[in-house]
Amino acid sequence: MDYKDLANLIFPDVKPIEYYEEKYPRRNLKEGAIVTRFAPSPTGFMHIGGLYQALVARKVASQTDGVFFLRIEDTDQKREIENGITDIVNSLKDFGIEPDEGMVSETDEKGNYGPYKQSLRGDIYRSYAKYMIEMGKAYPCFCTPEEVEEIRKKQEAAKVRPGYYGVWAKCRNLTVEEMAEKIKAGEKYIIRFKSPGREDRKIKHHDVVKGNVTFPENDQDIVIIKADGLPTYHFAHVVDDHLMGTTHVIRSDEWLSSVPLHLQLFHEIGFKAPKYVHISPIMKNDNGNKRKLSKRKDPEAAVSYYAEQGIPGEAVKEYLLNIANSNFENWRRQNPTEDIDKFELQLNKMSVSGALFDMVKLLDVSKSVISRFTAEKVYNETLKWAEKYDKELADMLTDKEYALKIFGIERGNKKPRKDIAKWSDVKNEISYMYDDKFYNQNVKYEYQKISNSDKIKTILEEYINNYFDENDDKQTWFNKIKELAGKLGYASEVKEFKANPDKYEAHVGDVSTVLRIALTGRANTPDMYEIMEIMGKDRIKERFENAKKVL
RNA sequence: GGCCCCGUGGUCAAGCGGUUAAGACAUCGCCCUUUCACGGCGGAGACAUGGGUUCGAUUCCCGUCGGGGUCACCA
């Protein structure tokens with residue numbers, strides 16, 4: 001009895017690895033092409049950190065004419081949730097991230113290197129496990145979970161490293177005959193890797209973002225095939241990324257410490273190891289302590305949160321790119337209208353330590369992003385958001401032509417207006433442009449410098465009767481307000497007023513403010529000329545009448 | 001606790017032996033503007049700490065402190 005016989009006893013009906021090696025040939029890509037993947041477990045909602053990884057992986061693959069694929073790591077059936085894959089696929093799609101290969105829905109996939117769902121790859125893993133056993137590099141372990149737990153307790157008591165290794169690895173030194181006997185006797189077992197490592201030796205490794213790191217060699221006989229016949233993460237990673245031709249494994253840095261294991265696994269099975277890119281997670285300040293954004297405690301950890309808030313996906317992506325490569329900001333300033341796909345992301349420039357999530361900064365990025373949108377796009381996005389989260393707003397937007405005029409105020413020029421950070425801001429920004437909202441809100445007219453009722457009344461009446469003309473261009477429109485101010489005894493120029501503060505009660509700006517407040521109920525609005533232009537004389541008149549009533 | 005990684009203004013961060021230690025967000029002041037939002041100018045604000053090495057350390061080495069990660073038949 002030798003290893004081969006043992007392997008056959010354990011996996012009698014499994015294909016030789018040559019079958020798979022042929023079925024999944026090396027990818028024929030041009031020099032320098034990077035193959036990346038996003039490999040989440042469908043265990044809950046999509047996390048912002050996952051989006052970050054996927055974004056980075058998608059970008060570097062695109063930049064090098066490589067391939068980016070989506071693989072689902074569902075080898076732990078206990079933790080799975082319903083529609084987990086759909087949620088991942090849709091979340092990525094919402095942010096404009098399309099994999100070249102991989103799962104496209106709960107059950108469908110595209111690409112030639114599948115299945116892209118690990119639970120469907122059991123036979124493949126078993127073939128490679130068998131291969132390992134044949135080589136004497138893996139073995140069946142008959143220890144029960146209770147026994148393993150007991151070993152751990154002893155180690156703890158003895159103050160030695162916990163784990164299944166060296167002398168603690170009871171089954172490691174069983175003879176082939178003993179193993180076969182136990183199997184034939186029906187004893188339950190799992191498959192463990194037979195680590196050739198020694199803890200007192202160091203390995204050096206170069207991580208693309210973390211740089212050079214040194215670790216003790218792995219000496220743990222980790223399990224590669226679980227009792228349920230599926231592989232553990234470690235083994236699936238090695239087999240899949242080999243077969244799928246991944247060149248760069250981009251993953252969260254919590255995996256950094258398993259690099260010695262993974263490298264050893266790759267080496268022992270005889271595959272070329274990929275490059276590793278361990279990216280720092282996005283953190284949150286929690287009472288002075290940094291911690292990862294938590295699914296349970298932090299609503300902003302879920303990518304759905306941003307959609308709910310009405311923060312455009314483009315903004316979230318730009319913010320994330322900002323964290324990834326801080327020179328993105330400079331690039332954006334120099335290329336304000338360029339598509340972000342044109343930005344060249346550099347993996348080795350990514351931060352080694354985790355960045356604190358900064359909502360204020362995100363919102364600032366978002367303001368800029370939205371200011372670059374066309375009125376049409378602002379309209380469409382706002383409507384899409386409103387239909388889901390704010391019915392009242394959606395109703396307001398029924399008249400598209402009118403809404404487009406509002407969204408067009410101070411937009412499309414070199415210094416576009418930056419007042420919307422998220423779609424949920426919109427209602428408040430535009431509500432006064434809607435008569436039914438305006439007249440039903442019980443507006444309080446809080447006049448400022450000029451607050452005397454008679455004076456306000458005079459300004460309003462004079463203006464609408466003698467100065468307002470719908471056909472005026474902006475310059476003459478404003479000249480007329482100056483004229484009005486002059487006629488009523490206010491300074492028609494601000495400079496004039498500042499030069500002679502005692503001579504005048506107020507200046508043209510204050511007159512404007514009266515008009516603005518009577519018109520909108522607010523002291524601060526976008527350009528008043530455009531607002532008046534959109535409203536038209538009758539509505540302006542009506543607004544003024546309303547204002548006069550409560551004087 | 002063992003092992004690994006990290007430590008530049010409030011935040012994100014350039015810098016990698018000699019710099020007046022960039023920039024962005026936030027903050028404050030001024031300017032522009034009929035208001036606001038922009039935009040412009042300026043201010044305040046940082047190399048965790050103690051030892052080395054060096055003519056010279058934010059940059060290199062060691063210790064301390066602080067933060068994070070990891071030690072599963074979870075990924």
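Analyst: pLDDT is the predictor's confidence in each residue, on a scale from 0 to 100. This is a predicted model, so that score comes up here. Chain A has a mean pLDDT of 94. In chain A, 100% of the residues reach 70 or more. For the complex, the predictor gives an ipTM of 0.94 and a pTM of 0.93.

Now to the RNA. Around RNA strand B there are 62 residues. Glu-73, Ala-227, Ala-355, Gly-509 and Ser-512 come nearest. Strand S8 gives the largest share, five residues. By residue type, the surface near RNA strand B holds 23 nonpolar, 19 polar and 20 charged residues.

Next, the chain that carries this surface. Chain A has 24 helices and 13 strands. Its radius of gyration is 33 Å, well over the 24 Å that the globule rule gives for 551 residues, so chain A is more spread out than a compact globule. Along the principal axes, its C-alpha atoms fill a box of roughly 110 × 45 × 45 Å. Of the 551 residues in chain A, 36% are buried. Take the contacts in chain A between residues at least 6 apart in sequence: 73% of them join residues at least 24 apart.

Technical notes:
Residues numbered from 1 in each chain as written. Chains lettered and ligands numbered in written order. Predicted model: local features only at pLDDT ≥ 70, side-chain atom pairs only at ≥ 80, totals over all residues. Near = placed C-beta within 6 Å. Helix = DSSP H or I, 4+ residues; strand = E, 2+ residues; numbered from the N terminus. Nonpolar A, V, L, I, M, F, W, Y, C, P; charged D, E, K, R; others polar. Rg over C-alpha atoms; globule rule 2.2 N^0.38 Å. Buried ≥ 20, exposed ≤ 12 C-beta atoms within 10 Å, placed from the backbone. Contact = placed C-beta atoms within 7 Å.
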